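Subject: Structure for you to look at

Hello,

Here is the structure I said I would pass on. My notes on what was found in it follow below.

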Amino acid sequence: MQTEFYKKYLRSEQWQQKKAERLAIDDYCCVMCHRPEGRCKNGLICHHINYRRLGNENVYEDLVSLCPACHLKIHAYYKRVRAATS
């Protein structure tokens with residue numbers, strides 16, 4: 001569930017700058033499948049690896065560029081891990 005703070009933050013200039021920086025670091029490609037942003041229907045997603053520093057993310061440690069398909073795979077994996085440990 002996304003909080004109001006999170007939703008507002010994703011619309012902020014601060015987030016847009018961090019997202020642009022991470023995409024540039026990853027050369028505008030998905031880090032899992034290496035699909036370039038131009039081959040992603042809705043572009044790349046800047047995924048939070050963790051939310052501990054939300055609003056003060058380290059672009060090298062807390063974020064990663066993913067295509068929509070790999071982003072879904074990551075979330076499916078996390079869901080399976082949570083289900084197995086509960």
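A disulfide is taken here as a pair of cysteine sulfur atoms within 2.5 Å. Note that this is a predicted model, and all values below are computed from it.

Cysteines

With that cut-off, the count of disulfides is zero. The cysteine sulfur closest to that of Cys29 belongs to Cys30, and at 8.5 Å it is too far for a bond. Cys70 has its closest cysteine sulfur in Cys67, at 3.6 Å, and this too is too far for a bond, because a disulfide needs the two sulfur atoms within 2.5 Å. Cys29 counts as buried at 19% relative accessibility, where buried means under 20%. Cys70 is also buried, at 3%.

Loop between H2 and S1

Several of the entries concern the loop that runs between helix H2 (13-25) and strand S1 (45-48), where Tyr28 lies. Most residues other than glycine have a negative phi. Tyr28 is not a glycine, yet its phi is positive, about 55°. The relative accessible area of Tyr28 is 39%, so Tyr28 is partly exposed. His34 belongs to the loop between H2 and S1 as well, and has a positive phi of about 70°, again without being a glycine. With a relative accessible area of 57%, His34 is exposed.

Val31 is another residue of the loop between H2 and S1. Its relative accessible area is 35%, which makes Val31 partly exposed. Which residues does Val31 touch, leaving aside its neighbours within four places in sequence? The contacts of Val31 are Asp26, Val64, Ser65 and Leu66. For Ser65, the C-alpha to C-alpha distance from Val31 is 6.0 Å, across a separation of 34 residues in sequence.

Aromatic rings

There are four aromatic pairs in the model. Tyr9 is buried, at 5% relative accessible area, and Trp15 is buried with a value of 5%. The pair of Tyr77 and Tyr78 is tilted too, with ring centres 6.0 Å apart and planes at 55°. Here the residues are partly exposed: Tyr77 has a relative accessibility of 45%, and Tyr78 has a relative accessible area of 30%. Ring pairs also join Phe5, Tyr9 and Trp15 into a cluster.

Largest pocket

The volume of the largest pocket is about 210 Å³. Its lining is made up of 14 residues, and those closest to the pocket centre are Gln2, Tyr6, Leu10, His48 and Tyr51. Which elements supply at least two residues each to the lining of the largest pocket? They are helix H1 (4-10), S1 and helix H3 (68-85). S1 gives the largest share of this lining, four residues. By class, the lining of the largest pocket contains eight nonpolar and six polar residues, and no charged ones.

Regards

Note on methods. Residues numbered from 1 in each chain as written. Predicted model: local features only at pLDDT ≥ 70, side-chain atom pairs only at ≥ 80, totals over all residues. Heavy atoms only, no water. Phe/Tyr/Trp six-rings, centres within 6.5 Å; stacked < 30°, edge-to-face > 60°. Buried < 20%, exposed > 50% of the residue type's maximum accessible area, 1.4 Å probe, protein only. Contact = heavy atoms within 4.5 Å. 1 Å grid on protein atoms, 1.4 Å probe; cavity = no way out; pocket = protein on both sides within 12 Å on 5 of 7 lines; lining within 4 Å. Points joined across faces, edges and corners; volume = space filled by probe spheres on them. Nonpolar A, V, L, I, M, F, W, Y, C, P; charged D, E, K, R; others polar.
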